[in-house]
Amino acid sequence: MMEDACTFIKSIIDSWETGGDPGEEAVLTLEQHLKECRNCRSRYLGLLPLIKEDREILQSIYPVRESDTDTAADAVMSALYRSTPERTESGKTKTRRILFAAAAAVIILFGGFSIGFYSANLRGNGRNEVLVRFELAAPDAASVQLVGDFTDWNEGSLELKDKNHDGVWEIEVRLKKGKTYTYNFVINGERWIPDPSSTKQVDDGFGGASTMLQL
Amino acid sequence: MDNDKKLVQDILSGEASSYRVIVQKYHPRIFRLAWAFLGSREDAEDAVQEIFLRAFRHLRNFNTEKSFYPWLYSVARNYLRTEYRRIVTFKERKDVIESNLQPPSFDTPEEKLESKELKDAVKQSVHLLPVSLREPVILYYFDDLSVSEIAEMLELSEENIKSRLFRGRKKLRKTLNFYNRSTEKEV
């Protein structure tokens with residue numbers, strides 16, 4: 001009799017494995033049998049929460065406490081939110097938004113032709129390079145880096161400078177003509193943004209975008 | 001208006017504080033996913049913070065006409081895949097888990113079906129699955145998504161997902177079969 005019951009239980013498991021829904025009655029039968037039969041218990045008990053799709057048990061396998069969520073939220077917001085409180089005329093404190101750059105521009109400089117107020121001519125030296133100026137208006141940023149495939153996506157190697165202290169960060173980089181590059185700006189070492197002035201964006205593989213530059 | 005959509009619009013308008021609401025809403029699910037992927041609560045804690053920071057960085061790229069959670073999941077997924085490879089090679093992980101995979105006690109008929117040992121065994125068995133099978137298993141059984149929702153999120157066909165779930169269940173059944181590993185013999 002027990003053997004027949006075990007055979008039936010095995011058929012329930014087989015059905016579940018192939019994607020079938022055992023049905024409530026079969027699951028109850030399974031549960032009861034596992035209490036009575038040690039062999040089947042050792043074979044199938046681990047599958048029971050999955051077969052029952054018992055959310056309570058399944059979620060208890062990876063328990064998440066309310067305090068975990070609060071701690072994580074505090075940490076995320078702390079990392080994100082850099083504020084410089086300033087007094088408005090009403091006396092209330094208003095936090096400036098540093099989280100979004102106002103504008104950016106990439107000025108590409110070719111020999112004898114320039115967009116912007118700076119030019120460079122590299123043709124004479126025989127190198128197939130152009131001098132590219134990257135600019136980003138980020139008045140509330142403490143630092144701005146340029147990161148791309150030309151830096152092996154390493155942060156820290158190309159730091160933009162706010163030379164005129166007007167919130168416009170810039171850097172000039174020699175890149176090869178005829179090549180296509182992808183890059184991001186990194187604000188305050190933690191916030192990656194594509195170049196807001198360019199519509200040529202590509203998936204960065206992390207659910208976001210990088211900017212594409214064709215020279 | 002969808003609440004997530006409104007929150008995202010507020011955040012993009014400069015109300016960064018609204019992002020806390022999103023973090024608190026989705027943290028349990030993302031944390032559970034990270035834990036299931038990486039196998040360690042501590043690794044998951046670090047990962048989940050980084051995931052939410054990355055999601056914030058790229059929030060402007062989110063299409064507010066679509067659901068937020070699939071997009072957030074894609075950010076999480078990309079990060080978790082890289083982290084998983086970085087933390088430990090699969091072989092090392094497999095060896096460690098298998099050496100620690102102890103059968104729960106099946107001696108007493110009254111033992112609780114929800115014993116900690118059993119939960120640990122299920123958890124470890126899930127960790128032993130290859131990523132291609134673990135992902136749909138986690139989403140289906142631990143994140144309570146349907147086959148069609150999983151297919152949409154992973155950009156795979158429903159048949160593909162069903163096939164992976166089948167193979168995942170098959171492997172779990174084999175891993176969780178402690179009958180042959182029990183040190184006690186049947187009398």
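## Interface of chains A and B

In this predicted model, 18 residue pairs are found in polar contact across the interface of chain B and chain A, with both partners at pLDDT 80 or more. The side of chain B that touches chain A draws two or more residues from each of helix 1 (3-12), helix 2 (19-38), helix 3 (41-57), helix 4 (68-87), helix 6 (116-128), helix 7 (131-142) and helix 9 (158-175) of chain B. Helix 2 of chain B contributes the most to this side, namely 10 residues. Sorted by class, the side of chain B that touches chain A consists of 29 nonpolar, 15 polar and 17 charged residues.

As to extent, 61 residues of chain B are in contact with 57 residues of chain A. The two chains bury about 5800 Å² between them, and carbon and sulfur atoms account for 61% of that area.

**Salt bridges**

Side chains of opposite charge can pair when their charged atoms come close. Over all chains, the whole structure holds 23 salt bridges. Between chain B and chain A the count is 6, and the table gives two pairs that link a residue of chain A with a residue of chain B.

| Residue in chain A | Residue in chain B | N to O distance |
|---|---|---|
| Arg55(A) | Asp144(B) | 3.2 Å |
| Glu17(A) | Lys170(B) | 3.6 Å |

**Packing of helix 2 and helix 7 within chain B**

Two packed helices are described by the angle between their axes and the distance between the axes. For helix 2 of chain B and helix 7 of chain B, the angle is about 145 degrees and the axes are 10 Å apart. The crossing of helix 2 of chain B with helix 7 of chain B is right-handed.

On the helix 2 side of this contact are Arg32(B), Leu33(B), Ala36(B) and Phe37(B). They meet Val131(B), Arg134(B), Glu135(B), Ile138(B), Leu139(B) and Phe142(B) of helix 7 of chain B. By class, the contact between these two helices comprises 7 nonpolar and 3 charged residues, with no polar residues.

Notes: Residues are numbered from 1 along each chain as its sequence is written. Chains are lettered from A and ligands numbered from 1 in the order in which they are written. This is a predicted model: local features need pLDDT of at least 70, side-chain atom pairs count only at pLDDT 80 or more; totals for chains, interfaces and linings use all residues. Side-chain values use heavy atoms; hydrogens and water are left out. Contact means heavy atoms within 4.5 Å. Buried area is the accessible area (1.4 Å probe) that two parts lose on being put together, summed over both. A salt bridge is a side-chain nitrogen of Lys or Arg within 4 Å of a carboxyl oxygen of Asp or Glu. A polar contact is a pair of N or O atoms within 3.5 Å; within protein, one must be able to donate a hydrogen and the other to accept it, and residues adjacent in sequence count only if both atoms are side-chain atoms. Helices (H or I, at least four residues) and strands (E, at least two) are DSSP runs, numbered from the N terminus. Ala, Val, Leu, Ile, Met, Phe, Trp, Tyr, Cys and Pro count as nonpolar, Asp, Glu, Lys and Arg as charged, and the others, Gly among them, as polar. Axes are lines fitted to C-alpha atoms, for helices over the stretch in contact, and angles run from 0 to 180 degrees between N-to-C directions. A crossing is left-handed if the near helix is turned anticlockwise from the far one by less than a right angle, and right-handed if clockwise.
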